[in-house]
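Trainee: I would like a close look at one part of this model, the ligand and its surroundings. Please take the aromatic rings on the way there.

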Amino acid sequence: MLTEGVRLRAEELAAEGKLPAYVYDLAALREHVAGIREALRDGPELFYAAKANPDPLILTTLAPYVAGVEVASGGELAHVRRVLPEVPVAFGGPGKTDAELAQAVAEAQRIHVESPYELERLAALRREADVLLRVNLAGERRGAALAMSGPFGMDPETIERCRGILARAPWIRLRGIHAHLASGLDADTLVRQAAEIMDWARAWLHGTDCADAPEINLGGGMAVDYGDPGNRFDWARYGRGIAALARPNETLRIEPGRAISVYAGWYVTDVLDVKKAHGRWYAILRGGTQHIRTPVTKNHDQPFTLIPRDGDGPRAADVPVTLVGQLCTPKDVFAREIPVDRIAVGDVVAFAMAGAYAWNISHHDFLMHPHPTFHYLDL
Ligand SMILES: *Cc1c(COP(=O)(O)O)cnc(C)c1O
């Protein structure tokens, strides 16, 4: 699981006193996204959802392989425009301010409209804009890690109100429909969901100006398995499934984030103390979940590899160990009760699957510990 390149860099960083650190394996990222592109060759256009990880070097590594980038705020839009001035950008997300709408009109190629009121405010700018209307279809999203029910997009009743607004604002070009309904779905479930979205979108768009050449954005949400990092989303199966549903006049698009960048990132740190409390063994690591909030938000064990080093401090052997950080809160847990052969002060711990929703979703300054250092393999 731990590649030789990441292991060597982790050992160097430990020797140089540069832990905790994020290590991004850009060669692995390039290979992974190239494989996704190949699997989708007859399928949808691939956009990358920047919110998963907007690190500039992640973005520039992905750029040759993606058709565009999806952003969810004015901040992300400005950032992506700076890093990748030429790449098409789609701007989605609830609660866009008037300033963000004006910025989107000037700088984004597509705007995903979240409500009739947002469409009215966009229309009031009296500027040309290409929009997809975001629909929120009902239905239980069985097996989803995160169902996007609630305030995202418009339900089929509400979206009807957009027809009149569009009719009065001919400077706004309706291009099609957007739907991002759930995260954490496998290929077959996502293909079934895509079929549902396409049926609905084709019927709704019938008779509109874009009916001859509609765009349908199917969202992201491809599953990753933190319990088994080797169990990857079946992109080939998904690509075939979507290709079988597509019609020649349509442009289909997807915008995954997590399943693209998650495997390329590692949070590497080392063991500061090992101790037993009330019958349980703990290893206390440099840093904490203020650097990688993922295991707390998802309530999972972050997968890791131990790299033993020859320390002479406290150790534990052949016991389940809970890995925690330096924060003064019982929530600062990376992984619980994981059986280990041995773990000792000074050992290096490389947490895998830290390339998405990790550093950028974390509360970096809680307790004012130093930030991690950042390193990139295969620049
Ligand atoms: C978060 C988000 C995505 C990406 O979701 P992943 O689970 O990271 O693939 C795509 N589209 C929208 C609208 C989102 O909010």
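Mentor: Bear in mind that this is a predicted model. Start with the rings. The structure holds 15 aromatic pairs. Take phenylalanine 233 and tryptophan 235 as a worked case: their ring centres are 4.8 Å apart and their planes meet at 70 degrees, so this pair is edge-to-face. The cut-off behind that label is an angle over 60 degrees between the planes. Phenylalanine 233 and tryptophan 235 are both buried.

Rings also gather in a group. One aromatic cluster is formed by Tyr22, Tyr24, Tyr267, Phe304, Phe334, Phe351, Trp359, Phe374 and Tyr376.

Arginine 232 lies over the face of tyrosine 263, 3.5 Å from the ring centre. In the case of phenylalanine 91, the charged end of lysine 96 sits over the ring, and the distance to the ring centre is 5.7 Å.

Now the ligand itself. The ligand sits in the largest pocket. There are 14 residues around the ligand, and those that come nearest are Lys51, Gly221, Glu255, Arg258 and Tyr357. Three of these can be followed down to single atoms. For lysine 51, an N or O atom of the side chain is 2.8 Å from an oxygen atom of the ligand. Glycine 221 uses its backbone: a polar backbone atom there is 2.8 Å from an oxygen atom of the ligand. With glutamate 255 the ligand atom is a nitrogen, and a polar side-chain atom of the glutamate lies 2.7 Å from that nitrogen. As for cover, the ligand taken alone exposes 390 Å², and the protein buries 93% of that area.

To put the part together: the ligand is in the largest pocket, with Arg258 and Tyr357 also among the residues that come nearest.

How values were computed. Residues are numbered from 1 along each chain as its sequence is written. This is a predicted model: local features need pLDDT of at least 70, side-chain atom pairs count only at pLDDT 80 or more; totals for chains, interfaces and linings use all residues. Side-chain values use heavy atoms; hydrogens and water are left out. Rings of Phe, Tyr and Trp (its six-membered ring) pair if their centres lie within 6.5 Å; planes under 30 degrees apart count as stacked, over 60 as edge-to-face and the rest as tilted. Buried means under 20% relative accessible area, exposed over 50%, partly exposed in between (1.4 Å probe, protein chains only). A charge sits over a ring if NZ of Lys or CZ of Arg is within 6 Å of the ring centre and within 35 degrees of the ring normal. A residue is near a molecule or strand if one of its heavy atoms lies within 4 Å of it. A polar contact is a pair of N or O atoms within 3.5 Å; within protein, one must be able to donate a hydrogen and the other to accept it, and residues adjacent in sequence count only if both atoms are side-chain atoms. Accessible areas come from the Shrake-Rupley method with a 1.4 Å probe; for residues, only the protein chains shown count as cover. On a 1 Å grid over the protein atoms alone, a cavity is a set of points where a 1.4 Å probe fits but cannot get out, and a pocket is an open set with protein on both sides within 12 Å along at least five of seven lines; lining residues have an atom within 4 Å of a point. A molecule sits in a cavity or pocket if more than half of its atoms lie within 2 Å of its grid points.
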